[in-house]
Structure formats: C-alpha cells, structure tokens
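My notes follow in the order I looked things up.

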Amino acid sequence: MKESNKHLGTELFAVGQKVLIDKDGHLKLPVSMDKEQEAIFVSTEGGYQLIPLLPDVKRIYLEVTTECNFSCITCIRSSWQDALIHMDWETFENVLKNLKELPNLESVHFGGFGEPMSHPRIFDMLGAVKNLGLRVEMITNGSFLVEENIRKLIDLELDMLFTSLDSPDEGEYNEIRQGADFQSVTQNVSNLQAMKQERKVRKPELGIEFVAMKKNYANLPKLIRMACDLKVSQIIISNLLPYHESMKDEIVYDIDDTGRMFGKESLRTTIFAQMSNMKLRTERSCKFVKDKSLCINYQGNISPCYALMHTYECYIYGRKKQIYPCYLGNVNERKLLNIWTDPGYVNFRRAVDENLFPSCTDCKSLDGCNYTESNEMDCWGNSPSCAECLWSRRIIACP
C-alpha cells in the first residue's frame, strides 16, 4: 500500500504492553499485560488514540475470475485492460489456507467483476469454503443456472445467491445485458425457486440486484412485483457508475424524491427494496470498513474494497476520473492475517471510518482542481484518496 496519512503521526507501539489514557486524555505509564498485544499509537486533532491490531476481519469478497459471457453496457470492462482469466487453483488454495487463520471471519462472497459460475472449479471452491463452516454467498448473471447446477448449489447448501436483473422488460434487459437472453435467465431463476420448493429447502436464498439508470428506472416497480412473485429474500437497488462516456448521461441520482416517480407504487418500492441514496448527502459511511471486510482479486491481491480492485476510468457526475488500484499485499506472498493487521492498513481504515478525506464532489473549489482527475492523491495528502467514493455516499451499493 502506498504510504499515506503521514500527517496523522502513526507509529507502532511497544509489543506486550498496554497504555492507559486518563479522563483528561493524558497518556499514563505502560503497565504489563498477561498476553502480548500489538497496537498503533496515533496523534489526532483531538489528542491521541490507541488502536489494537486485531485479526477481526469478518467478511471477504472473493473474485475468482474476470471472465464473463455477457458484454453489459454497465460493465467495468468498458474501461479496463485487465486480463480475462480465472484464478488458478494454487492461489485459491492459498486463500483457503488463510481463511482458516481468521478467528472472526463469518462470510465469504464470491463476486468481483467477473461471472463466478464461469470458473471451471467453482463448485469445488464453494464447497471448500462452505466446509470451513462459513456463510457463503455468490452473485451470478443467471445464465449458468441450468438444472444440474441448481441441484449442486442446493446440495452445497449455498447460503445466498444474488442474480443481476436490470429490467423486467425483455427488450430493455437484452439491450442492457448484451449477450444475455431474458427468457432464459428468468426461467433459470424460476426453476431455482421451484426446485427449492420441491425439495422443501430454503437455501440458497435468492436476492436480486438492479442497477438503476434512465433507461430502466421507470420499470423498477414492475421488477419489484416480479421479485415478490419469485419470493426473493433481498432486492438491492444500486445506481449506475458509468465506466464509459456513452453512459455518463444515464445516471438518475441526485433527484429530489425517488418516490414521486412511482406514484402509488412508491410504498411497495421502499418496503421491499433496499434503495440506494438518490441524492448526494453530507454523511459518508464505508460499508467495507464498517463490515470489517476486504477484497481478494483473481490474482490474489488484497484491496480494501471493490472500488480499489482494478485500474479503470469512470465518470463522477459527468467528470472523467482515473482510478488506480490499492494492493495491500498478495495471499501468495504474505499471510492475510498480517496484511489485515498491518499498521498502515489499520490506520487507513481508521481514516476512512472517521471521514478524514475531503468531499470533492460538492467542493466549492471543484472546477479547475486537478486532484479530482484521479484517486492517486487528494488535497489533504491521502493516497489513495476516497474523496469521491459513491459507495461511501450509499449511491452505489453491492451485496
């Protein structure tokens, strides 16, 4: 990870000692501990803070491939140059070995920016993680949900399966998700629910993710009715992050009141769907930091979040922005436990959690500021910068 937040005065505190802070915020003398514990001692504007280096990661997002059989107009492939390949088995075995060393780990989500079910050993991977006693989720475009694969997912007791479904209208869906077939995908999803009912099982629970844009937003109530008929457990409504100039005018966020667009369907929409924010608001909150999660890409590289997994271009309110990845280490070279508790990474999470970043998107000095051209650095000295992250604004969402 690039050296960042130098102005925060981060340093590694003594191993095997505990520091107490009195009611006035003064540092007391160290006292002995029964058990060794590392921590970092940081200076802040309000005084000092002691942060334990704990192995408390709870959730991992695992990208097992960058390949996909669709060419969606919303996809990050519009602006990246990454290789389209599967994670090799040796890398996965190293991931698996590292998962066993995380005492607080609860769930693994198979996703990222490829179609997980295109990996030739996806069921081996799902089964291996499931055998660790963890909650296992996956997101899919739905095209691989043939009868045999549905049966395997049920037998594995996969906990949650999300399907991307960007329109309830056949023509609109096929236009957005190029290479897809609406009838085939929706029938596959229906078959999944029917087989679960036939076998009297609840798993995998079904979730639907919808990416809102001008092209499909008016059809959202119809999609929610379809989802209710399918008895889905979750409906996640994200917003479009344009990865290509041709899509930059398709965004629908920053409207005053999303409910007004749906009339009498507004109540159903807000009750049954997890709606993303449709207006830029002051408060920021990083789901990845709050959930104590991290991402592992197809090469085994560790990133703090989805947004920092790859090199790509995107458009923030029509402005082109270059995004560079933030790699904190690689599971083939270093223990995941050590990466998570690295002082630099711990302090980065603290800075994100405390919003120690500028808010470029609504800054009065935005025009003419070249810091907004990339996420490499911001005017507060952060590198990488999270200053324009739409995930933290809850405008972009993921499972």
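These entries go from ground rules to single residues.

**Ground rules**

The model is predicted, so I take local features only at pLDDT of at least 70 and side-chain atom pairs only at pLDDT 80 or more, while totals for chains, interfaces and linings use all residues. Residues are numbered from 1 along each chain as its sequence is written, and side-chain values use heavy atoms, with hydrogens and water left out.

**Helix H5**

I took helices and strands as DSSP runs, numbered from the N terminus: H or I of at least four residues for helices, E of at least two for strands. H5 covers residues 182-199, which is 18 residues. I read 26 Å from its first C-alpha to its last, close to the 26 Å expected at 1.5 Å a residue. The expected span is 1.5 Å times one less than the number of residues.

Next I checked burial (buried is under 20% relative accessible area, exposed over 50%, partly exposed in between; 1.4 Å probe, protein chains only). The buried residues of H5 include Phe182, Val185, Val189, Leu192 and Met195. Asn188, Gln193 and Lys196 are among them too. I then looked up their packing, with contact meaning heavy atoms within 4.5 Å. The buried residues of H5 pack against helices H3 (147-156), H4 (170-176) and H6 (220-229), and against strands S10 (160-164) and S12 (205-212).

Lysine 200 follows H5 and has a positive phi, near 60°. In the loop from H5 to S12 I found proline 204. A cis peptide bond joins lysine 203 to proline 204, with omega about -5°.

**The sheet**

Which order do the strands take in the open sheet? I read S14-S13-S12-S10-S9-S8-S6-S15-S16-S19, ten strands with mixed pairing. Strands S14 (274-275) and S19 (329-330) are the edges, each pairing on one side only. Two strands pair if DSSP finds at least two bridges between them. S16 (residues 301-303) and S19 pair in the antiparallel sense over two bridges. Asparagine 301 has asparagine 330 in S19 as its bridge partner.

**Two buried polar residues**

Serine 276 sits in the loop between S14 and helix H8 (287-290). It is buried, at 8% relative accessibility. A polar atom of its side chain lies 2.5 Å from the backbone oxygen of isoleucine 237. For polar contacts I used N or O pairs within 3.5 Å; within protein, one atom must be able to donate a hydrogen and the other to accept it, and residues adjacent in sequence count only if both atoms are side-chain atoms. Leaving aside neighbours within four places in sequence, serine 276 touches residues including Ser238, Asn239, Arg394 and Ala397.

Histidine 119 is in the loop between strand S8 (107-110) and helix H2 (122-130). I read 5% relative accessibility, so histidine 119 counts as buried. Its side chain reaches the backbone oxygen of methionine 87 at 2.8 Å. Not counting residues up to four places away in sequence, histidine 119 touches Val64, His86, Met87 and Met125.

**Cysteines**

How many disulfides are there, taking sulfur pairs within 2.5 Å? I counted zero. Cysteine 72 has its nearest cysteine sulfur, that of cysteine 68, 6.0 Å away.

**Salt bridges**

I counted 22 salt bridges. The rule is a side-chain nitrogen of Lys or Arg within 4 Å of a carboxyl oxygen of Asp or Glu. Glutamate 148 and lysine 152 meet at 3.6 Å.

Glutamate 388 bridges to lysine 321, the closest N and O atoms being 2.8 Å apart. This pair links distant parts of the chain, 67 residues apart: the segment after H10 and strand S18. Are these two residues buried or exposed? Both glutamate 388 and lysine 321 are buried. Elsewhere, salt bridges with shared partners join Arg59, Arg135 and Glu137 into one network.

Lysine 231 has a positive phi of about 60° although it is not a glycine. Lysine 231 is exposed, at 67% relative accessible area. Tyrosine 317 also has a positive phi, about 50°. It lies between strands S17 (312-316) and S18 (319-323).

Methods. A disulfide is a pair of cysteine sulfur atoms within 2.5 Å.
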